[in-house]
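Biologist: Hello! I am new to this one. Could you show it to me and let me ask how you know what you say about it?

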Amino acid sequence: MLGASALGLLGVAGAAQAQDLSACLITKTDTNPFFVKMKEGATAKAEELGITLKSYAGKVDGDHESQVAAIETCIADGAKGILITASDTSSIVSSVQQARDAGLVVIALDTPLDPIDAADATFATDNFLAGELIGQWAAAALGDAAADAKIAMLDLAVSQPTVGVLRDQGFLTGFGIDVKDPGKWGDEDDPRIVGNDVTAGNEEGGRKAMESLLAKDPMINVVYTINEPAAAGAYEALKAIGRENDVLIVSVDGGCPGVQNVADGVIGATSQQYPLDMASLGIEAIKKWADEGVKPEPTEGKDFFDTGVKLITDAPVDGVESIDSKMGMDLCWG
């Protein structure tokens, strides 16, 4: 099947029949509610536009090899485009380039590639801002006590995918901590940081990481988590030692279970993102590429298309715009 670039040379880019168009969605896992909602958005939009959608996912968050295999399959199947949330944002670049060389448009969803221009476009939350908002909220909620905070950093993976780095570094910046090299986490020397551990973005990982850092310092009083499943695991570890009521937990995602945890007091604040919109817009972009050979443009002033973020908390603080958990439930997913 001819790629869209070849069709453009023949002057018949708009002649492809809708039923001949196919696209791929490749997510980190197919169990995280975030990716479930992403798949829902992509599926609905593909059906609306008459595009055949094939979905692939890693076995666990961090399963790079399965994503490479999925890209190879999409190329062989003659797909017009790929939407991908990469597990390893730098190692996947060579496979993405193979797809682009074959005429596919490749759009990163949620997680920018490293470098970001390795993909044709990125549709994502401003993940640095998402982290910054919860950092600002945590610092303001603590007030003067922020100067003596003991912070646990529950990150995603040792490979440090961009989404994890951006949220981590955004949180620290919002809290008022020097991040040293903004392109990686873990090099900070602020004494308030007890340590970093990884969670694989799931509840069990969050619990184990929290237990590990509590063993290092049982008086941790602020917990940054990469996402809400990790936050739920951290809470269970704190509850096991009777400290669930005197530790601030902050997170990012805005899924319905996470927003409910804000309402229940498990999570103090979370930054809500909109995966359905990311995927739906991504499918529209693949259709436009197939029909017109046109790639999507980034949001003005940014190197990606910003799909929005809102801080959700039931304990608002001055100077940090937020919505409450009731409004967050109206906007949530999962």
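Modeller: Gladly. With 90° about the S-S bond, the link between Cys-256 and Cys-332 is right-handed. Cys-256 sits in helix 9 (residues 256-263) and Cys-332 in the segment after helix 11 (325-331), 76 residues apart, which makes this a link between distant parts of the chain. Please keep in mind that this is a predicted model.

Biologist: What makes the pair Cys-256 and Cys-332 a disulfide?

Modeller: The sulfur atoms of Cys-256 and Cys-332 are 2.0 Å apart. A disulfide needs cysteine sulfur atoms within 2.5 Å, so Cys-256 and Cys-332 pass.

Biologist: How many disulfides does that rule give?

Modeller: Two. The other one joins Cys-24 to Cys-74, with 2.2 Å from S to S, so this pair also meets the limit of 2.5 Å. Here too, distant parts of the chain are linked: Cys-24 belongs to strand 1 (residues 22-27) and Cys-74 to helix 3 (residues 64-76), 50 residues apart.

Biologist: Which hand does the link of Cys-24 and Cys-74 have?

Modeller: That link is left-handed, with -120° about the S-S bond. Counting bonded cysteines along the chain, the disulfides follow the pattern 1-2, 3-4.

Biologist: Are Cys-24 and Cys-74 buried or exposed?

Modeller: Cys-24 and Cys-74 are both buried. Buried means under 20% relative accessible area, so that is the limit they fall below. Cys-256 and Cys-332 are buried as well. Across the chain, 55% of the 334 residues count as buried.

Biologist: Now for the whole chain. What is its secondary structure?

Modeller: There are 11 helices and 12 strands.

Biologist: Why is the chain called as compact as a globular protein of that length?

Modeller: Its radius of gyration is 20 Å, and the globule rule gives 20 Å for 334 residues; the two values are close, so the chain is as compact as a globular protein of that length. Along the principal axes, the C-alpha atoms fill a box of roughly 65 × 35 × 35 Å.

Biologist: What share of the contacts joins residues at least 24 apart?

Modeller: Among contacts between residues at least 6 apart in sequence, the share is 70%.

Technical notes. Residues are numbered from 1 along each chain as its sequence is written. This is a predicted model: local features need pLDDT of at least 70, side-chain atom pairs count only at pLDDT 80 or more; totals for chains, interfaces and linings use all residues. Side-chain values use heavy atoms; hydrogens and water are left out. Helices (H or I, at least four residues) and strands (E, at least two) are DSSP runs, numbered from the N terminus. The radius of gyration is taken over C-alpha atoms; the globule rule is 2.2 Å times the number of residues to the power 0.38. Buried means under 20% relative accessible area, exposed over 50%, partly exposed in between (1.4 Å probe, protein chains only). Contact means heavy atoms within 4.5 Å.
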